[in-house]
Amino acid sequence: MAKQKRALITGITGQDGSYLAEFLLKKGYKVYGLVRRSSTESDSRISHLRDKITLIQGDLLDQRSLDEAVREVKPDEVYNLAAQSFVPTSWNQPVLTGEFTALGVTKVLEAIRHYGKKNTKFYQASSSEMFGKVRETPQNELTPFYPRSPYGVAKVYGHYITINYRESYNMFAVSGILFNHESPRRGLEFVTRKITDGVARIKLGLAKELRLGNLNAKRDWGYAGDYVEAMWLMLQQKKPQDFVIGTGETHSVKEFVELAFDYVGLDPKKYVKIDKKFWRPAEVDILVADASKARKILTWKPKVSFEQLVKMMVDADLKRLEKKQKPWPQF
């Protein structure tokens, strides 16, 4: 009988962490999650998994806690999903964003290097925001980075330090350059969830308008539940490689808005208001993935379409608000 694999997930209470935990449990893994000590509970995304996973206190700002977590778990695989991941906040808290999203990666790698197994594998959550002011469209693994936010800059550091540890210490360390991936578990501060929550509130008579920023920004949106499979597949390869993950389709914020309102039979022109305070200091106009490498080597492709994703999120928010449930916490 094969020995049960152990996986350690940082950021397990977030959108991706919760879907990844579910996925790995189905694969028969023993799943551990690193969580920050807090006076308030923020584990609603994983509440249904609490009796199936083991939570360990730790913090990406604290090297010792990371060392202890890796020493205790002795994981076969480590997925570093924790970060200050909301782009607008990165302008307000650039130093904290750098400490979590950039230096935090180095600290996790150091913990693995000193206290992990000889063959512990590491996954770093890189981001399409690293491409920023894109040099070419679509973007692939060789496209130069031009980040346009402190978050994007920090992610570039995390990406390159992962490559550096792979090449310097012969570690199985990879980065997944994931394009925008959404779900009903997305935080309310993100534009996709802000739209579907707003549409649901207007439909139910709980709000009269939806205030948004740049409707012309274009993104490659996929379903988070599909993307966690790609993370896992990267760590099952014989040699460590970085991969771009996305749908290869681009849609504007305006398209997302129109589809969400149309789905509930409302005219967005009557409810959407443009508010300049929601515009970024440096905008990223268009992001779209060339995930041909992932399709060829990982044999991965998305299952949920853009239209299905929007409808899924609207349905979830309608259901939640009708039941007067609490929204997913913001991060």
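1. A friendly start with one residue in this predicted model: Lys74 has a relative accessibility of 33%, so Lys74 counts as partly exposed. You will find Lys74 in the loop between helix H2 (63-73) and strand E4 (77-80). Its backbone deserves a look, as phi of Lys74 is near 50°, a positive value in a residue other than glycine.

2. Asn170 belongs to the loop between H5 and strand E6 (172-178). With 72% relative accessibility, above the 50% cut-off, Asn170 counts as exposed.

3. While you are checking the backbone, please look at Pro138 too. The peptide bond that leads from Thr137 into Pro138 is cis, and its omega is near 0°. Pro138 is placed in the loop between E5 and H5.

4. Now to the aromatic side chains. Searching the whole structure gives 12 aromatic pairs. Take Phe145 and Tyr160: their ring centres are 5.8 Å apart and their planes stand at 70°, over the 60 degrees needed, so this pair is edge-to-face. The pair links distant parts of the chain, 15 residues apart, with Phe145 in the loop between strand E5 (121-127) and helix H5 (150-169) and Tyr160 in helix H5.

5. Tyr160, at 47%, counts as partly exposed. Both rings belong to one aromatic cluster, together with Phe131 and Phe179.

6. Two charged side chains also sit over aromatic rings. The charged end of Lys30 is placed over the ring of Tyr32, at 5.6 Å from the ring centre. For Arg71, the charged end sits over the ring of Tyr115, 4.3 Å from the centre of that ring.

7. Finally, a helix pair to view. Two packed helices are described by the angle between their axes and the distance between the axes. Helix H6 (residues 191-203) packs with helix H10 (residues 306-322) at an angle of about 50°, and their axes are 8 Å apart. H6 and H10 are therefore oblique to each other, and their crossing is right-handed.

8. Which residues of H6 and H10 meet? On the H6 side they are Thr192, Arg193, Thr196, Asp197, Ala200, Arg201 and Lys203. Their partners in H10 are Val310, Met313, Val314, Asp317, Leu318, Arg320 and Leu321.

Notes. Residues numbered from 1 in each chain as written. Predicted model: local features only at pLDDT ≥ 70, side-chain atom pairs only at ≥ 80, totals over all residues. Heavy atoms only, no water. Phe/Tyr/Trp six-rings, centres within 6.5 Å; stacked < 30°, edge-to-face > 60°. Helix = DSSP H or I, 4+ residues; strand = E, 2+ residues; numbered from the N terminus. Buried < 20%, exposed > 50% of the residue type's maximum accessible area, 1.4 Å probe, protein only. Lys NZ or Arg CZ within 6 Å of the ring centre and 35° of its normal. Axes fitted to C-alpha atoms, helices over the stretch in contact; angles between N-to-C directions. Parallel < 35°, antiparallel > 145°, perpendicular 65-115°, else oblique. Left-handed = near helix turned anticlockwise from the far one by under 90°. Contact = heavy atoms within 4.5 Å.
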